[in-house]
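Subject: Structure handover

Hello,

Here is the structure I promised to pass on. Please open it alongside this note; my findings follow below.

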Amino acid sequence: MKSKDIKDLALIIFGASGDLTYRKLIPAVFDLYKQKSLPANFAVLGVARTSFTDDSFREKMKEGIRQFATAKDALDGELNEFCQKLHYLSINTEKEGDYAKVKERLDKLDKEADTGGNYIFYLSTPPSLYPLIPKYLASQGLNRQGNSFRRIIIEKPFGTDLKSAIELNSSLLENYEEDQIYRIDHYMGKETVQNLLVTRFANGIYEPLWNRNYIDHIEITAAESIGVENRGGYYDNSGALRDMVQNHLLQIVGLVAMEPPMSIDSVSIRNEKLKVFQALRPLSGEDVFKNVIRGQYTAANIKGKYAKGYREEKGVAPESRTETYLAMKLFIDNWRWGGVPFYVRTGKRLPTRVSEIVIHFKPAPQRLFPESVNLSDDNQLIIRVQPDEGILLKTNMKVPGSGFQTNTVNMDFHYSQLKDAYYLPEAYERLLLDCMTGDSTLYVRGDALEATWKFVQPLLDFWKDNPDAPLHGYPAGSWGPNVADDLIEGKDRHWRYPCKNLSDDGIYCEL
Ligand SMILES: NC(=O)c1ccc[n+]([C@@H]2O[C@H](COP(=O)([O-])OP(=O)(O)OC[C@H]3O[C@@H](n4cnc5c(N)ncnc54)[C@H](OP(=O)(O)O)[C@@H]3O)[C@@H](O)[C@H]2O)c1
């Protein structure tokens with residue numbers, strides 16, 4: 001997308017003194033600038049309580065760009081020219097009266113930078129401000145669209161349960177139309193996630209197999225090797241279900257499982273994803289026991305170094321029962337997926353950082369080759385979301401020579417193979433650009449958001465009502481509680497382990 005297709009605009013970041021702005025947002029905007037994707041007339045207004053001048057804000061953002069942008073090696077001249085587009089305003093974000101200053105500054109910026117009154121407001125603040133900032137902006141008329149557009153991007157977490165998500169949606173809809181609201185899920189900005197649509201709907205070979213007749217089960221993993229770092233306080237009130245499953249992992253389930261859309265536009269694609277969420281089989285109390293495994297990492301030695309347990313982390317309650325690992329079996333009750341289990345797992349302090357989707361196909365209907373031939377009954381299509389984005393198909397192949405000895409071979413494609421031919425945008429870069437063009441396809445629609453919360457709410461209720469429900473310890477650096485292995489039923493079925501345990505032992509321990 002080139003700048004001529006995007007209207008001139010100002011990007012207003014609330015929470016501009018924070019970590020996300022520093023590490024992700026401004027580096028992504030700089031990369032867009034380097035790619036010549038920004039409109040000719042463009043400005044950023046950073047807003048927060050911390051006091052900065054335009055110049056001191058620019059200096060701080062330069063540091064962030066130098067560390068985190070893809071184009072971190074840009075010339076000083078380019079960086080300085082870009083930073084002239086950055087401005088800063090300090091207000092008390094919780095005080096309605098201060099929003100007159102935002103309006104005043106934007107009017108001034110429109111005149112100076114010719115941004116045409118088009119605004120994208122990015123909320124990168126604590127979530128308690130998500131209902132307030134849009135309301136206070138509206139009190140200054142900054143929600144009203146005429147010839148210019150007004151859009152809001154909202155970071156996760158969007159609600160902490162079904163009720164709060166509905167309340168937040170309703171409060172936003174008091175002043176904004178749904179098509180002005182962009183709920184960001186950065187997983188949707190990843191190239192391989194979007195490539196799912198192309199893999200499925202631009203190839204004749206996959207879609208005929210993409211159903212209960214040929215697929216045995218589907219695995220979706222999002223593993224992190226880090227712990228809660230300095231976000232213990234936030235995480236302890238959240239946990240893996242809210243932090244990863246309700247949003248990122250269910251969004252991926254939506255793309256994997258949706259029906260072909262009528263066309264490749266935002267309404268059609270999001271309609272189909274919504275139907276998937278509506279077809280998720282609700283989990284009642286008994287199912288939670290059977291189909292959901294919670295874990296929490298415990299202290300361990302990783303390669304000779306002490307790794308803290310979750311309860312020792314800063315900001316975490318010493319008796320915390322927050323899950324840092326979650327594995328679940330879920331079903332989508334529709335014609336395409338009837339009876340096909342989806343196994344979803346995520347965790348912190350696992351052996352490696354990897355997110356991937358594994359489609360396990362059913363075995364061939366008849367085994368022609370003798371038992372002595374070592375055949376894999378499990379053809380897998382692995383879609384690697386991160387790192388080393390790509391796609392891999394595992395099939396049986398005959399080993400050269402007499403007889404029929406076989407081996408499993410991988411047919412693979414790595415996005416890195418294209419890096420000399422194509423530029424690979426970071427997720428925030430892609431998503432920011434989409435919002436600038438008004439394309440909400442990869443953003444989460446309000447009804448889909450509520451549908452995913454509706455699915456996870458019974459789990460939250462169950463754990464609240466049953467505080468003693470099992471929470472399994474797993475040593476930091478292992479693949480989670482061993483009991484999660486039993487979730488996957490059937491001969492020769494098990495989770496795919498892209499790498500081995502890193503801790504000294506993979507012992508199971510009940511907390
Ligand atoms: N960091 C990430 O990688 C990441 C990833 C996904 C989602 N998120 C979400 O994005 C949002 C921002 O994350 P972050 O990591 O940038 O957080 P952060 O470092 O704590 O920054 C929060 C920002 O909000 C501002 N703020 C405004 N009013 C505030 C108030 N009343 N109380 C506290 N802070 C206030 C803070 O600046 P002042 O104190 O100067 O006002 C600061 O700029 C959060 O909701 C987070 O959940 C972050």
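First, a term for the element names: helices (H or I, at least four residues) and strands (E, at least two) are DSSP runs, numbered from the N terminus. By that numbering, Asp114 sits in the loop between α4 (99-113) and β4.

Two notes on the basis. This is a predicted model, in which local features need pLDDT of at least 70 and side-chain atom pairs count only at pLDDT 80 or more, while totals for chains, interfaces and linings use all residues. Residues are numbered from 1 along each chain as its sequence is written, and side-chain values use heavy atoms, with hydrogens and water left out.

Domains

The chain is assigned domain 1 (3-155) and domain 2 (188-424 + 445-510). Such bounds come from an automatic or database domain assignment. The C-alpha centres of domain 1 and domain 2 are 35 Å apart.

Backbone

Most residues other than glycine have a negative phi, and most peptide bonds are trans.

- Asp114 is not a glycine, yet has a positive phi of about 60°. Asp114 is partly exposed, at 48% relative accessibility. The cut-offs: buried is under 20% relative accessible area, exposed over 50%, partly exposed in between (1.4 Å probe, protein chains only).
- Lys36 also has a positive phi of about 60° and is not a glycine. The loop between α1 and β2 (42-48) holds Lys36. Lys36 is exposed, with a relative accessible area of 60%.
- Lys156 and Pro157 are joined by a cis peptide bond, with omega near 5°. Pro157 is in the loop between β5 (150-154) and α6 (162-173).
- The bond from Gln386 to Pro387 is cis too, with omega about -15°. Pro387 is in the loop between β14 (380-386) and β15 (390-398).

Ligand site

The ligand is surrounded by 21 residues. The closest are Ser17, Leu20, Arg49, Thr50 and Thr93. A residue counts as near if one of its heavy atoms lies within 4 Å of the molecule.

Next, the polar contacts, meaning pairs of N or O atoms within 3.5 Å; within protein, one must be able to donate a hydrogen and the other to accept it, and residues adjacent in sequence count only if both atoms are side-chain atoms.

- Gly18: a backbone N or O atom is 2.9 Å from a ligand oxygen atom.
- Lys156: a backbone N or O atom is 3.2 Å from a ligand oxygen atom.
- Glu94: an N or O atom of the side chain is 3.2 Å from a ligand nitrogen atom.

Ala16

Ala16 lies in the loop between β1 (9-14) and α1 (19-34). Is Ala16 buried or exposed? Buried, with a relative accessible area of 0%. Leaving aside neighbours within four places in sequence, Ala16 is in contact (heavy atoms within 4.5 Å) with Thr21, Gly46, Val47, Ala48, Phe57, Met61 and Tyr88. Gly46 is 30 residues away along the chain, but the C-alpha atoms of Ala16 and Gly46 are separated by 4.8 Å.

Aromatic pairs

The whole structure has 22 aromatic pairs. Rings of Phe, Tyr and Trp (its six-membered ring) pair if their centres lie within 6.5 Å; planes under 30 degrees apart count as stacked, over 60 as edge-to-face and the rest as tilted.

Phe14 and Phe121 form a tilted pair, 6.5 Å centre to centre with 40° between the planes. This pair links strand β1, which holds Phe14, to strand β4 (residues 119-123), which holds Phe121, 107 residues apart. Phe14 is buried at 0% relative accessibility. Phe121 is buried at 0% as well.

Tyr235 and Tyr310 form an edge-to-face pair, 6.2 Å centre to centre with 70° between the planes. Tyr235 is in helix α8 (residues 232-236) and Tyr310 in the loop between β10 (305-307) and β11 (325-330), so the pair ties together parts 75 residues apart in sequence. Tyr235 is buried at 2%, and Tyr310 is buried at 0%.

Ring pairs also join Phe14, Tyr99, Tyr119, Phe121 and Tyr136 into a cluster.

Charges over rings

The criterion is NZ of Lys or CZ of Arg within 6 Å of the ring centre and within 35 degrees of the ring normal. Arg151 lies over the face of Phe149, 3.6 Å from the ring centre. Lys190 lies over the face of Tyr187, 5.6 Å from the ring centre.

Best regards
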